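Subject: Structure handover

Hello,

Here is the structure we talked about. Please open it alongside this note.

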Amino acid sequence: MKLTLRSVFCLALIAGMAGRALADCDDACDSDCSDTYTHYGCGKDNYVCARPDILPFSQGMNRARDYMGQGHLMNIDGLEDWNWVKAAAFEYQHSFNPERLGRYFSPACECTNGNQFVVGENLDGTIDIRAEDLGMSPTFRGTLELKPKIENFIFEPSFYLGMDRWAEGLYMWSKLPIAYTIWTMETCETTTQRGGSAFAPNVMENRLTTTTGLYVNRGNYAGPRTIDSICKAFSGKYTFGDKDIPLQAGRIICNCPQDKVGIADIPLHLGYTLVDGDRGNLGLYARTVFPTGTMEVNRSIFDPRIGYRRWQLGGGLQGQVRLFENDEQTTSMYFFGDANVTHVFKGEECRLFDMKTGTYRPTDTKWSRYLLMKEFEDVAGTLTYNGRLRNFADIFTVCVKSGFDWLVDGLFYFNLKHKNWNFDLGYEIKARDCESFDCPANLCDPCTYSDCDECCGTSTVRYFGVKGVQYVSDNYIDYSTTYGMGSIKHTDNTAGNGTAAALTNVIATTDTLSDVVDVNSGMRPRMVAHKVFGNIGYTWDVGEAKFFDNHGPIFFDLGAEAELGAKNKAVRSWGVWGKCGYAYN
């Protein structure tokens, strides 16, 4: 069939698929860096911050790597028999601009030094988290700078099969992306005020008797020792006073690489060439992605991930147009295009969120997931402190079902072929919609969770209130507006200046989960990434060897890419790859 102008126009529509998917979702919501940031909602502002985790694009989602070296060996005009391409690629990827990505996790939400946050006493509004909530001295003050880094080593066998013997233009394609990923939260900690080495009596440890009101000596009359480092406080290895378990979720693993090996999501394409002529072709395909990804469960804000671990289903268009060819057919130039859109189905996860603003959460708190809570028990109708302190993250890890309405991947490149040499230069766009949730289900045990199938059960009745500056020996809590950054001082540390714990002003983990957890605080934002790439390859047509009674071209390629994640929502990285393969046609 001849390639008509209408067919060429259809090929041009490939570019419109990606652009149209994004046009109504993000551009109209952009704001300048001087505008107010938001760390909740879908992250439509210029930057997002204070996110409890990140899900980058899958290591296997790379159409540039898929096509390089073999684009001109697939969907060949005039074939009426089996034809196939076996290939294997190896790529190394390394992220850059770590300060930019650090803003994604930090609560600072500033244009300058936005990847740094301040821990200290709440004498003014300049701190991001109270030192005491982390077990640090009330007079401590310091800064932690976040500079996350990701490295990927990817080995990727792939297979294309043209089934023209069955039906001219029918084909399938798949690959097996095997990835080794290393994630490191590089940090720089600066301490400006060390603070004391022990808490005042009865601030973090209940040592007042109920009968005499006198202190009970537990071996350290001065009180439990404080934690003297921000990295230690977030590491999940230290306890203090009545907080007898370390931080269980939302940890920051400073400067310690975490790695993972696995198979990223496996794609399978089944396609058909609609238009096939001597000047090019145009076809469509169905795309299914099998959820083989994995994640490392260290309960930190920067746990390594491979793939999405979710089913995907969608489709795409692909095609090529010959732009030039000399009479000797030794030099030619082609334009290739490929774009697909898939729906990412919901999968179960145990996730950490912040506290919902309102009745329970202090209005000025930026990182409510680290608020220190007093646990109470119902004793004959009266809530009584039971001697346990917990951070909000220790308790409220929630089972959710999350997915993405659409995921777009578009590829466009020029291929120059001169004799046996191939030169490619192109552009790829990847975009993913805002995350969508089913309502929170049950609490997960952050001590043991990995998948929701293993951790979700019926929540039990447990009561918690924000400790704030209150003694642990009484039943008082800081309630609503009485606690906030810059609104109270540690010198107000006297019993009785809070609110008595009652069912009306404490958090119960049964029937109130949706009232307590702010699911928007952990929602993964819309992501867009722009990639430019180049490739050089050599195709050796070993016709004289007569492999399988036909020509069997062997190809070798080297390429490089730079991926620029828009704003701070997608990882910025560079990569280099090598690829080789054999075709039977």
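**The largest cavity**

Strand β1 gives the largest share of the lining of the largest cavity, namely three residues. Please keep in mind that this is a predicted model. The volume of the largest cavity is about 270 Å³. Its lining counts 22 residues. Nearest the centre of the largest cavity lie Pro56, Phe57, Gln93, Asn152 and Glu563. Two or more lining residues come from each of β1 (82-96), β4 (141-163), β11 (305-306) and β27 (554-565). By class, the lining of the largest cavity splits into nine nonpolar, nine polar and four charged residues. In total, the structure holds 11 cavities of 30 Å³ or more.

**Strands around β1 and β27**

β1 pairs with strand β28 (residues 572-584) in the antiparallel sense, over 13 bridges. Within that pairing, Trp84 has Tyr584 in β28 as its bridge partner. β27 also pairs with β28 in the antiparallel sense, here over 10 bridges. Phe555 is placed opposite Gly581 in β28. β27 and β28 form a hairpin with six residues between the strands. In this hairpin, Lys567 takes a positive phi near 55°.

**The largest pocket**

The largest pocket has a volume of about 700 Å³. It is lined by 29 residues. Closest to the centre of the pocket are His72, Ile76, Glu325, Tyr334 and Lys417. Which strands supply at least two residues each to the lining of the largest pocket? They are β9 (280-290), β12 (312-325), β13 (331-352) and β17 (397-418). β13 makes the largest contribution to this lining, with four residues. The lining of the largest pocket has 14 polar, eight charged and seven nonpolar residues.

**Aromatic pairs**

The search of the whole structure found 28 aromatic pairs. Take Tyr104 and Phe105 to begin with. Their ring centres are 5.0 Å apart and their planes stand at 70°, so the pair is edge-to-face. Are these two residues buried or exposed? Tyr104 has a relative accessible area of 1%, under the 20% cut-off, so Tyr104 is buried. Phe105 is at 0% relative accessibility and therefore counts as buried too.

Phe117 and Phe234 make another edge-to-face pair. Here the distance is 5.8 Å centre to centre, with 85° between the planes. This pair links distant parts of the chain. Phe117 is in strand β2 (residues 116-120), and Phe234 is in helix α4 (residues 230-234). The two residues are 117 residues apart. Both Phe117 and Phe234 are buried.

**Charges over rings**

Where is Tyr47 in the chain? Tyr47 sits in the loop between α1 (5-23) and α2 (63-67). Its relative accessibility is 9%, so Tyr47 counts as buried. Arg103 lies over the face of the Tyr47 ring, at 4.4 Å from the ring centre. The C-alpha atoms of Tyr47 and Leu101 are separated by 9.8 Å. Along the chain, Tyr47 and Leu101 are 54 residues apart.

There is a case with Phe404 as well. The charged end of Arg432 sits over the ring of Phe404, at 4.4 Å from its centre.

Lys374 has Gly465 in β21 as its bridge partner.

Best wishes

Terms used: Residues are numbered from 1 along each chain as its sequence is written. This is a predicted model: local features need pLDDT of at least 70, side-chain atom pairs count only at pLDDT 80 or more; totals for chains, interfaces and linings use all residues. Side-chain values use heavy atoms; hydrogens and water are left out. On a 1 Å grid over the protein atoms alone, a cavity is a set of points where a 1.4 Å probe fits but cannot get out, and a pocket is an open set with protein on both sides within 12 Å along at least five of seven lines; lining residues have an atom within 4 Å of a point. Grid points are joined across faces, edges and corners, and a volume is the space filled by probe spheres set on the points. Ala, Val, Leu, Ile, Met, Phe, Trp, Tyr, Cys and Pro count as nonpolar, Asp, Glu, Lys and Arg as charged, and the others, Gly among them, as polar. Rings of Phe, Tyr and Trp (its six-membered ring) pair if their centres lie within 6.5 Å; planes under 30 degrees apart count as stacked, over 60 as edge-to-face and the rest as tilted. Buried means under 20% relative accessible area, exposed over 50%, partly exposed in between (1.4 Å probe, protein chains only). A charge sits over a ring if NZ of Lys or CZ of Arg is within 6 Å of the ring centre and within 35 degrees of the ring normal. Two strands pair if DSSP finds at least two bridges between them.
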